[in-house]
Amino acid sequence: MSKTIKIKDNITTMLSTDNAAIELFRQINEMTEENIGIDFREVEFMSISFALEYVYQKEISKKNITEINLLEDDKRLLTLAKLSE
């Protein structure tokens with residue numbers, strides 16, 4: 001079973017702090033579904049702080065997480081965050 005989370009409805013469209021990633025993954029880890037899609041549609045900004053924490057939280061989560069509607073700039077930011085570990 002899978003579920004999709006819309007960032008704009010559950011967190012904010014301005015992903016400026018690591019706390020936003022922590023809150024997102026708190027919600028994800030409480031879900032019973034194993035496969036989670038994270039819909040980044042309408043996200044206006046993603047900071048490096050959010051990206052670093054997002055990558056960390058994704059790695060320690062036991063869920064299968066897929067990003068949906070991620071802007072190219074944000075994809076690159078998450079790739080850079082992953083490489084910096």
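Trainee: How far apart are the mean positions of the positive and negative charges of the protein chain?

Mentor: In this predicted model, the mean positions of the 11 positive and 16 negative charges are 5 Å apart.

Trainee: What makes a residue count as positive or negative here?

Mentor: Lys and Arg count as positive, and Asp and Glu as negative. His is left out of the count.

Trainee: How do you know whether the radius of gyration of the protein chain agrees with that of a compact globule?

Mentor: Set the value against the rule. A compact globule with 85 residues would have a radius of gyration near 12 Å. The protein chain has 12 Å, so the value agrees. As for extent, the C-alpha atoms fill a box of roughly 30 × 25 × 20 Å along the principal axes.

Trainee: Which secondary structure does the chain have, and in what pattern?

Mentor: There are four helices and five strands. Along the sequence they follow the pattern β-α-β-α-β-β-α-β-α.

Trainee: What share of the contacts between residues at least 6 apart in sequence joins residues at least 24 apart?

Mentor: The share is 82%.

Trainee: Why is strand β3 called mostly covered?

Mentor: Strand β3 spans residues 35-39, and four of its five residues are buried. The cut-off for buried is under 20% relative accessible area.

Trainee: How do you know that β3 is paired with β1 and with β5?

Mentor: Two strands pair if there are at least two bridges between them. Strand β1, residues 2-6, and β3 have five bridges, in the parallel sense. Between β3 and strand β5, residues 64-68, there are also five bridges, again parallel. Five bridges meet the cut-off of at least two in each case, so both count as pairs.

Trainee: Which residues stand opposite each other in these pairs?

Mentor: Among them, isoleucine 5 stands opposite isoleucine 38 in β3. On the β5 side, isoleucine 36 of the pairing stands opposite isoleucine 65.

Trainee: Where is arginine 41, and why is it called partly exposed?

Mentor: Arginine 41 is in the loop between β3 and β4. Its relative accessibility is 47%.

Trainee: What does arginine 41 touch, apart from residues up to four places away in sequence?

Mentor: Arginine 41 touches Lys8, Ile68 and Asn69. From arginine 41 to isoleucine 68 there are 27 residues in sequence, while their C-alpha atoms are 7.6 Å apart in space.

Trainee: What makes the phi of glutamate 42 worth a remark?

Mentor: Most residues other than glycine have a negative phi. Phi of glutamate 42 is near 75 degrees, a positive value, and glutamate 42 is not a glycine. Glutamate 42 lies in the loop between β3 and β4. With 49% relative accessibility, glutamate 42 counts as partly exposed.

Trainee: Which phi does asparagine 69 have, and where is this residue?

Mentor: Asparagine 69 has a positive phi of about 55 degrees, although it is not a glycine. Its place is the loop between β5 and α4. The relative accessible area of asparagine 69 is 34%, so it is partly exposed.

Trainee: Why is leucine 80 called exposed, whereas arginine 76 is called partly exposed?

Mentor: The cut-off for exposed is over 50%. Leucine 80 has a relative accessible area of 54%, so it is exposed. Arginine 76 has 47%, so it is partly exposed. Leucine 80 is in helix α4, and arginine 76 is in helix α4 as well.

Trainee: What makes isoleucine 22 partly exposed, and what is it in contact with?

Mentor: Isoleucine 22, in helix α2, has 36% relative accessibility and therefore counts as partly exposed. Leaving aside neighbours within four places in sequence, isoleucine 22 is in contact with Glu53 and Gln57.

Definitions and conventions. Residues are numbered from 1 along each chain as its sequence is written. This is a predicted model: local features need pLDDT of at least 70, side-chain atom pairs count only at pLDDT 80 or more; totals for chains, interfaces and linings use all residues. Side-chain values use heavy atoms; hydrogens and water are left out. Buried means under 20% relative accessible area, exposed over 50%, partly exposed in between (1.4 Å probe, protein chains only). The radius of gyration is taken over C-alpha atoms; the globule rule is 2.2 Å times the number of residues to the power 0.38. Contact means heavy atoms within 4.5 Å. The place of a charge is taken as NZ of Lys, CZ of Arg, CG of Asp or CD of Glu.
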